[in-house]
Amino acid sequence: MKHKKKIILLLTLTACMVLFCSFPVFAAELTEAEVEQAVANQGKEAVTGNIFIWFLCAIAFLKVSQKIDSFMASLGINVGNTGGNMMAELLIAGRSLASSMHLRGGGGGYRAPASPGAAAVSGSFLSGGLAGAVGRQVERSAVNTATGYTEHSSIGSVMYHSSLNKGGDFANNVISRIAQSNYSQVGSIKGADAEKAYISYMGMKADSEHPLPNYSNMEIGGGRITGTESTESGSREFALYHADQYMAPSQGTYETVQSVDGATWYKQYAQDAVTKTPYDAGGGKVAYHESIDQKLPPTPPRKDRI
């Protein structure tokens, strides 16, 4: 009799879980265009109310999942760990949803992104369900940290710095977004972390026979990477231009390189150039002192401005 009650309870909880599972599926299929259309037809307040209802359903779904896990564990069945602090994850996702609704709220027209992270990490509204919303929020936080927009510690900042020290995929994905994004909206990576970011993003590895150069004055962003490379033979400036955003350089020599994300870049070093300095040669004549200096060739034109 006791086992019969447990089986009935298990079936009931399973039915509830199936019911609540439908909500994340519907959320994952919701597109940004549909949300914007709903805002236009029903108004911001009505759509916000619907999102709030979905949010409560998501909480219920997670609670039921934990109850089922606990019940199955009491029967001796091994279950996966659904997480201990899901409410914190939901609050993070809820904040992201609220920001998205604010950006798409009434009035129409263009609205600037709320932060560099919001501009660099896009995505359809609720794309991927709750996990997708939380993942994008973490990556946006990492972008804000890398660009210096925020300095406080967060999950995104901790993950970024830990991954950067190892040359990990998470950090490289963040660097890639910043390197290829709109400079005016996202900004750039500068300072001490920019050297690590460049080495990681270009997949450079040091060995005993070929030590890595030292890099300084680095800046990564807006389709460009600039800095100074120093070796035993001396120092020289260099620049990389994203091939999808810039035309191939027409002046000076260049080489084509690839970053770890598969993007193609045109790389140029500072090259010899004649510098003429005018001076008064007397008798109303002007003469020039000529010298050879190393300078970067002119920046090639951007493809979106041709």
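Modeller: S115 is found in the loop between helix 4 (86–103) and helix 5 (116–120). The model is a predicted one, and every value below is computed from it. Although S115 is a loop residue, its relative accessibility is 14%. The cut-off for buried is under 20%, so S115 counts as buried. Setting aside neighbours within four places in sequence, the contacts of S115 are with N144 and Y149.

For context, the protein has 10 helices and 8 strands. Of its 306 residues, 37% count as buried. Among contacts in the protein with a separation of 6 or more, 55% join residues 24 or more positions apart.

Now the helix packing. Two packed helices are described by the angle between their axes and the distance between the axes. For helix 7 (residues 155–166) and helix 8 (residues 169–180), the angle is about 105° and the axes are 7 Å apart. An angle from 65 to 115 degrees counts as roughly perpendicular, and helix 7 and helix 8 are therefore roughly perpendicular to each other. On the helix 7 side, the residues that meet helix 8 are G156, M159, Y160, S163 and L164. Their partners in helix 8 are D169, F170, A171, V174 and I175. Sorted by class, this contact of helix 7 with helix 8 comprises 7 nonpolar, 2 polar and 1 charged residues.

Helix 7 itself has 12 residues, and the distance from its first C-alpha to its last is 17 Å. That is close to the 16 Å expected at 1.5 Å a residue. Its buried residues are G156, S157, Y160, S163 and L164. They cover an arc of only 140° around the axis, which puts them on the same side of helix 7. G156, Y160, S163 and L164 are listed both as buried and as meeting helix 8. The exposed residues N165 and K166 sit on the face of helix 7 turned away from its buried side.

The backbone just after helix 7 includes G167, with a positive phi of about 65°. Just after helix 10, G203 also takes a positive phi of about 65°. Helix 10 (residues 192–201) has as its buried residues A194, A197, Y198, I199, S200 and Y201. A further positive phi, of about 55°, belongs to N217, which is not a glycine. N217 lies in strand 2 (residues 214–221) and is exposed, with a relative accessible area of 64%.

K276, in strand 7 (residues 271–282), is exposed at a relative accessible area of 52%. Leaving out neighbours within four places in sequence, K276 is in contact with Y288, H289 and E290.

To go back to the packed pair, the description of helix 7 and helix 8 rests on an angle of about 105° and axes 7 Å apart.

Definitions and conventions
Residues numbered from 1 in each chain as written. Predicted model: local features only at pLDDT ≥ 70, side-chain atom pairs only at ≥ 80, totals over all residues. Heavy atoms only, no water. Axes fitted to C-alpha atoms, helices over the stretch in contact; angles between N-to-C directions. Helix = DSSP H or I, 4+ residues; strand = E, 2+ residues; numbered from the N terminus. Parallel < 35°, antiparallel > 145°, perpendicular 65-115°, else oblique. Contact = heavy atoms within 4.5 Å. Nonpolar A, V, L, I, M, F, W, Y, C, P; charged D, E, K, R; others polar. Expected span 1.5 Å × (residues − 1). Buried < 20%, exposed > 50% of the residue type's maximum accessible area, 1.4 Å probe, protein only. Arc of directions from axis to C-beta.
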